Amino acid sequence: MPLEDVRLIDLPKIADPRGNLTFIEGHRHIPFDIQRVYYLYDVPGGAERGGHAHKALHQLIIAMSGSFDVVLNDGKDQKRIHLNRSYVGLYVCPMIWRELDNFSSGSVCMVLASNVYDESDYYRDYTEFLKDIPTT
Ligand code: TYD
């Protein structure tokens, strides 16, 4: 079940009185190579992002600042995960419908992705997504 493959990953944290440092290496801390980084910021209160699934893309979602929720759905089960630490990433495997909401003021959502942007990798229609979920 894809939702069982979704998990929180504790990232390395070098604590220092001068400020903490976290780093992420592809295939070492996360199960894919990083081909793209994008981030959401200046999200207005009450806004929702996401609302899609990916066919093959792997992602790691991190609350770099502030907090937000990620609602995950594999066509059978759903769960809501609150992210609020810059040293914890949410690994999202392919074939997971996701929605992001409950953004705190000033929050920044950074996403590491296993491939460059490709619109043909998206399901933007939930019904179309469900059609490709195995029934077993
Ligand atoms: P989308 O993935 O729908 O945003 P979100 O899931 O965060 O709500 O993308 C919004 C728009 O930005 C859409 O027109 C595609 C474009 N986009 C890119 O051009 N490159 C990217 O890497 C991403 C993530 C989006």
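How many cavities of 30 Å³ or more does the structure hold, and which residues line the largest cavity?

Reply: This is a predicted model, in which local features need pLDDT of at least 70 and side-chain atom pairs count only at pLDDT 80 or more, while totals for chains, interfaces and linings use all residues. Residues are numbered from 1 along each chain as its sequence is written, and side-chain values use heavy atoms, with hydrogens and water left out.

The structure holds 1 cavity of 30 Å³ or more (a set of points on a 1 Å grid over the protein atoms alone where a 1.4 Å probe fits but cannot get out; the volume is the space filled by probe spheres set on points joined across faces, edges and corners). The volume of the largest cavity is about 40 Å³, and its lining (residues with an atom within 4 Å of a point) is made up of R36, H54, L57, N115, V116, Y117, D118, D121 and Y122.

H54 counts as buried because its relative accessibility is 1% (buried means under 20%, with a 1.4 Å probe and protein chains only). Beyond its neighbours within four places in sequence, H54 is in contact (heavy atoms within 4.5 Å) with Q59, P94, M95, I96, R98, D121, Y122 and Y123.

H54 also belongs to strand β5, which covers residues 49–54 (strands are DSSP runs of E, at least two residues, numbered from the N terminus). Strand β5 is part of an open sheet of 5 strands, in the order β8-β7-β10-β5-β12, with antiparallel pairing (two strands pair if DSSP finds at least two bridges between them). The edges are β8 (78–83) and β12 (122–123), and each has a single partner strand, so one side of each is left without a neighbour in the sheet.

On one side, 3 bridges join β5 to β10, and G50 stands opposite E99 in β10.

Notes
Helices (H or I, at least four residues) and strands (E, at least two) are DSSP runs, numbered from the N terminus. Buried means under 20% relative accessible area, exposed over 50%, partly exposed in between (1.4 Å probe, protein chains only). On a 1 Å grid over the protein atoms alone, a cavity is a set of points where a 1.4 Å probe fits but cannot get out, and a pocket is an open set with protein on both sides within 12 Å along at least five of seven lines; lining residues have an atom within 4 Å of a point.
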